[in-house]
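This report describes a protein chain for a reader who is new to structural analysis. Please keep the sequence and the model in view while reading.

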Amino acid sequence: MSDQLHIRNFSIIAHVDHGKTTLSDRLLELTRTITEREQREQLLDSLDLEREKGITIKLKPVRMEYRAADGQLYQLNLIDTPGHVDFSYEVNRSLAACEGALLVVDASQGIEAQTLANTYLALENDLVIIPVVNKIDLPGAHPEEVAQEIESVIGIPAEEAILASAKEGIGVPEILEAIVKRIPPPRGQRQQPARALIFDSHYDPYKGVIAYVRVVDGVFTSRDRVRFMGTGAQAETLELGIFRPAMTPLNELVAGEVGYIATGLKSVADCQVGDTITLAENPASEPLPGYRPAKPMVFAGLYPIDSNAYPELREALERLKLNDAALSFQPESSAALGFGFRCGFLGLLHMEIVRERLEREYKLDLLITAPSVEYQVLLSDGEIVTVANPSEMPDLSRIEAIEEPVVEISVIAPVRYIGTIMDLVTTRRGVFLSMDYLDPTRVLLKYRMPLAEIVIDFYDQLKSRTQGYASLDYHLAGYQEADLVKLDILVNGQPVDALSLIVHRDFAYQRGRDLVERLRQLIPRQMFEVPIQAAIGSKIIARETIRAMRKDVLAKCYGGDVTRKRKLLEKQKEGKKRMKMVGSVEIPQEAFMAILSLNESGNERER
Ligand SMILES: Nc1nc2c(ncn2[C@@H]2O[C@H](COP(=O)(O)OP(=O)(O)OP(=O)(O)O)[C@@H](O)[C@H]2O)c(=O)[nH]1
């Protein structure tokens, strides 16, 4: 069965909610890889977080066996991909492990933004794309139009689209046949030195890091010593095998196959996505193309609300890190917040996932500061320092120059949104690069933009201004000098280091004013009047005042009703959970993220 001609490796790409999971389940059912009962059990296991956010964080690749209409038995490997721009590199690597992809589009919605970015990644990786127009059972479905749209936007002839309902099982047998007929078998040489692409991994407490691999050339056996060509790490193979979907050991994995190699390594950082595994003896001379070590781009401080929980936070981060090579952290302390960690993330969604996992799986109450990027600062004495925490920016008098990371962004959107996108990008210091029509109705816009401007809710803004139609992708395009200043925030006359941020001088006054206004709304009234100020160096540029609270909350209870009083106190306690005492003022979590919600304050003054 491991003859290459009878292997097909594919992924499913889709916009959120278009039916990727439902279709995968049908394929597993129809190939009898998994029974309905097992499926329900598996569903129960999946992370809450994943379900709520509608994103796939980790899903194993699955091997299915399929007897096709031609009478032959085929090995089908379904490789899952994460759908979010933060993980576009991971998506790219997962797709690089395949020869084809099912492109699932909802028949009532048509093509949506997220589908496109992944489709382009699939095309970049030379994959054969099989369009699937799903949910044709819905009353609002217009499958022929959607197939036509796929033809005009992506260029795949409408008659190649398979009309399906994953929910009712319609079209699913045709999809299996198309996988076998249209997707080519893997190329690759069994006789060559062994090479496998790592497209994902997880940490297992007993078997160490499990690398998810697509073997490209040669043969790996369960007794080999392996070498990672990018990181240089070496390991003994403890076990290798396939996912069906449970881990099933085998004696060997050969060119074209997808499976896992258990390495005994202690951290996924040694076994990074995109790296090439070869054999320690008789290694391949060239790694597979495209490896990039995971590099955090967005940084934020994580602090326990209860300072005693610091050791627990450290332990939790260490454990998460075993499974997440892109997460980085180092201790830091803040005058306002005490001891915590400066953590590095791939992007904002990654940051949110880490925070939620720390809170849910490790039961930690955390406070997180506004995200920042990493600056290169040239000091007057010639020294260069990197600064990932705005409060650590050296005094302006000591700074010769500051460089910030810049990215090139691609936005794909319907033509009618060009104006609003241009407008948004200009307020974020973007520089126009190019505009191309994909067809008469859609454009691809490219800009060069500081990364710092993207991490403060750019994606959300873009989505809301374009009703979700714009898709965004970006890649790092180097560093660039900019006239940046540190904006400090003073609460009750005290600078709060965790609220400092780095802004462009031209935008400093506006951001300062908006920020103190937003903070005034977010910080609850105290027993006394609290001034909130924004300052650059010693110069105050904006001020708002939170007026003193007039009545005690309990005054309303007339002293009599004990249960009611207790309830009120409990409610107050709940509310307090996410507060941090800074000096004599209680500051809620939202205030530390105020920079991300300036537009909610009703004053859309952003130039
Ligand atoms: N009517 C109808 N509903 C469907 C069909 N396929 C999926 N759905 C429903 O659409 C919703 C989303 O389906 P999922 O399979 O979770 O979609 P997904 O693309 O995996 O979504 P994410 O995991 O959130 O990315 C669910 O409520 C499904 O029951 C279909 O063929 N017809």
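## Strand β10 and its partners

Strand β10 is joined by three bridges to strand β11 (residues 234-236), and the two run antiparallel. Helices (H or I, at least four residues) and strands (E, at least two) are DSSP runs, numbered from the N terminus, and two strands pair if DSSP finds at least two bridges between them. The model is a predicted one, in which local features need pLDDT of at least 70, side-chain atom pairs count only at pLDDT 80 or more, and totals for chains, interfaces and linings use all residues. Residues are numbered from 1 along each chain as its sequence is written.

Within this pair, Arg-227 stands opposite Gln-234 in β11. Five residues lie between the strands of the hairpin of β10 and β11, and Gly-232 there takes a positive phi near 80 degrees. Strand β10 is also joined by three bridges to strand β16 (residues 276-279), again in an antiparallel arrangement, with Phe-228 opposite Ile-277 of β16.

## Strand β15, covered on both faces

Strand β15 (residues 258-262) is mostly covered, with five of its five residues buried. Val-258, Tyr-260 and Ala-262 lie on one side, Gly-259 and Ile-261 on the other, and all are buried.

Two antiparallel partners of β15 can be described. Strand β8 (residues 208-217) is joined to β15 by five bridges, and Tyr-212 stands opposite Tyr-260. Strand β12 (residues 239-243) pairs with β15 over three bridges, where Leu-240 has Ile-261 as its bridge partner.

## An open sheet of four strands

Another sheet is open and has four strands in the order β18-β19-β17-β20, with antiparallel pairing. Strands β18 (328-334) and β20 (366-368) stand at the edges with a single partner strand each, so one side of each has no neighbour in the sheet. From one strand to the next, the twist averages 30 degrees, an angle between N-to-C directions that can run from 0 to 180 degrees, with axes fitted as lines to C-alpha atoms.

Strand β17 (residues 298-304) pairs with β20 over three antiparallel bridges. In this pair, Pro-304 stands opposite Leu-366 of β20.

His-18 lies in the loop between β1 (7-14) and α1 (20-30). Why does His-18 count as buried? His-18 counts as buried because it has 28 C-beta neighbours inside 10 Å. Not counting residues up to four places away in sequence, His-18 touches Val-104, Val-105, Asp-106, Gln-109 and Asn-134; two residues are in contact if their C-beta atoms, placed from the backbone, lie within 7 Å.

Ile-136 lies in the loop between β5 (128-134) and α6 (143-154). Ile-136 counts as buried because it has 21 C-beta neighbours inside 10 Å. Beyond four places in sequence, the contacts of Ile-136 include Ala-107, Pro-143, Leu-163 and Ile-170. The buried residues of α1 include Lys-20, Thr-21, Leu-23 and Leu-27, and the elements covering the buried residues of α1 include β1, β4 (100-106), β5 and α7 (172-182). Just after α1, Arg-32 takes a positive phi of about 55 degrees.

## The chain as a whole

The chain has 15 helices and 33 strands, and 44% of its 607 residues are buried. An automatic or database domain assignment gives domain 1 (4-182), domain 2 (195-279), domain 3 (298-369), domain 4 (376-482) and domain 5 (486-598). The centres of domain 2 and domain 3, taken over C-alpha atoms, are separated by 29 Å. Six residues of domain 2 are in contact with five residues of domain 3.

Note on methods: Buried ≥ 20, exposed ≤ 12 C-beta atoms within 10 Å, placed from the backbone.
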